[in-house]
There are 2 protein chains.
Amino acid sequence: MRQVAVIGAGMTRFGKHLDRSLKDLAREAVEAALHAAGVEKDAIEAATVGNAVAGLITGQECIRGQVVLRELGIGGIPVINTENACASSSTAFHLAWLYVASGLYDTVLAVGLEKLFHPDKRRTFEAIASGLDVELAEAFARQMSGEQSSGAGEARSVFMDYYANLARQHMVRYGTTREQYARIAAKNHTHGSLNPHAQYQTPRTVEEVLSAPLIAEPLTRMMCSPIGDGAAAVLVTTTEKARQQTTRPVFVRASIVGSSEDHHPDAPGVMTKVAQKAYAMAGIGPQDLQVVEVHDATAPAELLAYEELGLCHAGEGGKLIDEGTTTLSGRTPVNPSGGLLAKGHPVGATGVAQIAEIFWQLRGEAGKRQVANARVGLTENGGGVIRGENAAVAIHIFTA
Amino acid sequence: MRQVAVIGAGMTRFGKHLDRSLKDLAREAVEAALHAAGVEKDAIEAATVGNAVAGLITGQECIRGQVVLRELGIGGIPVINTENACASSSTAFHLAWLYVASGLYDTVLAVGLEKLFHPDKRRTFEAIASGLDVELAEAFARQMSGEQSSGAGEARSVFMDYYANLARQHMVRYGTTREQYARIAAKNHTHGSLNPHAQYQTPRTVEEVLSAPLIAEPLTRMMCSPIGDGAAAVLVTTTEKARQQTTRPVFVRASIVGSSEDHHPDAPGVMTKVAQKAYAMAGIGPQDLQVVEVHDATAPAELLAYEELGLCHAGEGGKLIDEGTTTLSGRTPVNPSGGLLAKGHPVGATGVAQIAEIFWQLRGEAGKRQVANARVGLTENGGGVIRGENAAVAIHIFTA
């Protein structure tokens, strides 16, 4: 398979964009990516588009990618619409990579886009709940509400309850504390304050995070990613074409998508297994990573990711954040963008936005949040939940 | 890129399955495909799943593939959920082919599934309308209703009006007749009567088709594909593994997905262009085809496909059906399965079902509808409409 390079990235600021359509958001992200790459629209040979819930929010199912791209004057090419809940657009990126790696096409656009805000809040909750097995979701909600729960009865709380449950298990098993989760949230909000694309740009202290309203013990609101709208786009191509376009291509060293399966609770879960496959494909290990974007849908999810990605041993995630290893100036900065907690989490846009951040970091274009001399980066994106685990996972590894 | 073989196929009967879930339909199709291939579930290295409107019919967006496959005990593998309206699962098949052709995975499952029937008919109409640009659909419906139209004001009629409009244009330009469209419908209903998977299994005469209720001039109900539920699955693998499993692999010679673009009305449309690319990839021409499945969402769509695929020159589609060329005993049988008109059209299931039919035909396993000595086959699948053309198109060419 051929080596694949990323040569351009663009994204909207994430946030509440009730007045902007998916077409409008996609236009901003795609035009920014093309401009950055110095590539014209007619050089795009195929497009892959990740979106999770436009069908439920806007009524546009089926041909979401064609609808937004045609408006931009992009047509006559394969357009692959992908869904994988919060991992929809990292899945789209995986396919863009596959198109180029396979030799079928040279220059491919990957787009992630989402509108979650709806004037009727119930529509947003229903849409987010569709990232579960909807037949099982009700039973799951009942099970969770028997434990410590927000009891809000809203679909969104099902996901927060899921994460709260994982957080409590980790506290019981390893002595992880609320303060450690809060430290992750404070870190990401502080990183986000340096990112002009972030939904929240206010630095937060551990004390502020802990005193925010409780969503589901131990999660406060500042430990949970917000509802958001937005779009992100990246352009991939062959090594040869990348060299013609730029002196600073970013290379894709691994691209692995996975899904959960039945396993013993103590056996490695889907994220750990996919990470191991990605390291093997890239020929590197976690010790080589210099910048990482993980799927911090909640603060505990980031702590778990430290362990699943092998940044530390099982049970040592709390120690890792306490030691400052994952802060912007630490040994392995995690979520310099602000992560889902502060940059925001328009679900179908998140995967490509993570990849855009690593692209900028490895090019030295990340402005105030730049990680010094970062040459090796990783993105970890999870989507949906079935039987207590992410239904979809995508991990990508990049080098400058 | 590596050569890819199809080694197993399965499908449910298409029809009204209000009492069956997507999981239940998928189980039947997938287990039949695995049984036919003689392959165990744990040999599947990745799965691609096409579905168009489950989000709107069942509430299950995002992780449709994982939800149905996990129920079958299939997990821990990449699951790619694809949408492209009526071409959703031919797009899924394209990705399954790409996975194997690229060398990334050896054995990949492609699934198409759909439930269109809903106790509330409006939900079905809304779901089908999402195959249009929903922002433009209202304007399109208004434009159509200014011409001869069913005036039904239902979403489904927008698609039927679209096809009726194309049918009338062809009549004006080339002298094509209602009888010729009816002849295609009668042929497909007669073929469908030989197919145990078909939704409709009653042979029909030209007179019966013409005397059916008018939907939109010149389309009668029997010239339009029905609402349906169903699932289909195929298994693809490498040439080497195929040879280990079967003495009768079917090889994928071309797999091309395309989308519409702005062009002069007299310039070739998306279907013609994709067909030309597919023939070039396969190294064959339309004269070499021995069995064809086309996207006869309506009878005129099949007639147009004759011309777009190069089975005849522009304007000669009517002559081709009059001469019997495309009947089961003709030179190039088209839609031996009964096509969308008789086999049925659960949109996300249709693409893989077409491929399953060609697989069976090229293996000599098509029972009463077997095309004698067929060694070269093609599937043509179209999805959605933007600005008067299919938004997505997928063409595959196979040889025994």
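Colleague: Which residues of helix 8 of chain A meet helix 12 of chain A?

Modeller: Gln180(A), Tyr181(A), Ile184(A) and Ala185(A) in helix 8 meet Ala299(A), Pro300(A), Glu302(A) and Leu303(A) in helix 12 of chain A. Contact means C-beta atoms, placed from the backbone, within 7 Å; helices are DSSP runs (H or I, at least four residues) and strands too (E, at least two), numbered from the N terminus. It's a predicted model, with local features needing pLDDT of at least 70 and side-chain atom pairs 80 or more, while totals for chains, interfaces and linings use all residues. Residues count from 1 along each chain as written, chains are lettered from A and ligands numbered from 1 in written order.

Colleague: OK, over to chain B. How many residues of its helix 8 are buried?

Modeller: In chain B, 12 of the 15 residues of helix 8 are buried (20 or more other C-beta atoms within 10 Å; 12 or fewer is exposed, in between partly exposed), so that helix is largely enclosed by the rest of the structure. Among the buried ones are Tyr181(B), Arg183(B), Lys187(B), His189(B) and Gly192(B).

Colleague: And what does helix 8 of chain B reach end to end?

Modeller: Helix 8 of chain B, residues 178–192, reaches 21 Å from its first C-alpha to its last, close to the 21 Å expected, where the expected span is 1.5 Å times one less than the number of residues.

Colleague: What about helix 4 of chain B, mostly covered or mostly open?

Modeller: Mostly covered: 15 of the 15 residues in helix 4 of chain B are buried. Its end C-alpha atoms, for residues 88–102, are 21 Å apart, which agrees with the 21 Å it should span.

Colleague: What does the backbone do just after helix 4 of chain B?

Modeller: Gly103(B) sits there and takes a positive phi of about 95°.

Colleague: New topic. What does Val111(A) touch?

Modeller: Ignoring residues up to four places away in sequence, the partners of Val111(A) include Ala26(A), Val30(A), Val49(A), Gly65(A), Ser89(A), Ala233(A) and Val352(A).

Colleague: And where is Val158(A)?

Modeller: Val158(A) lies in helix 7 of chain A, residues 155–174. It's buried, with 24 other C-beta atoms within 10 Å. The C-alpha atoms of Val158(A) and Ala137(A) are separated by 8.0 Å, with the two 21 residues apart along the chain.

Colleague: Last one: how many residues does each chain put into the contact?

Modeller: Chain A gives 49 residues and chain B gives 50 residues. On the chain A side, elements that each supply at least two residues include helix 3 (64–71), helix 4 (88–102), strand 8 (250–259) and strand 10 (376–386).

Conventions: Two residues are in contact if their C-beta atoms, placed from the backbone, lie within 7 Å.
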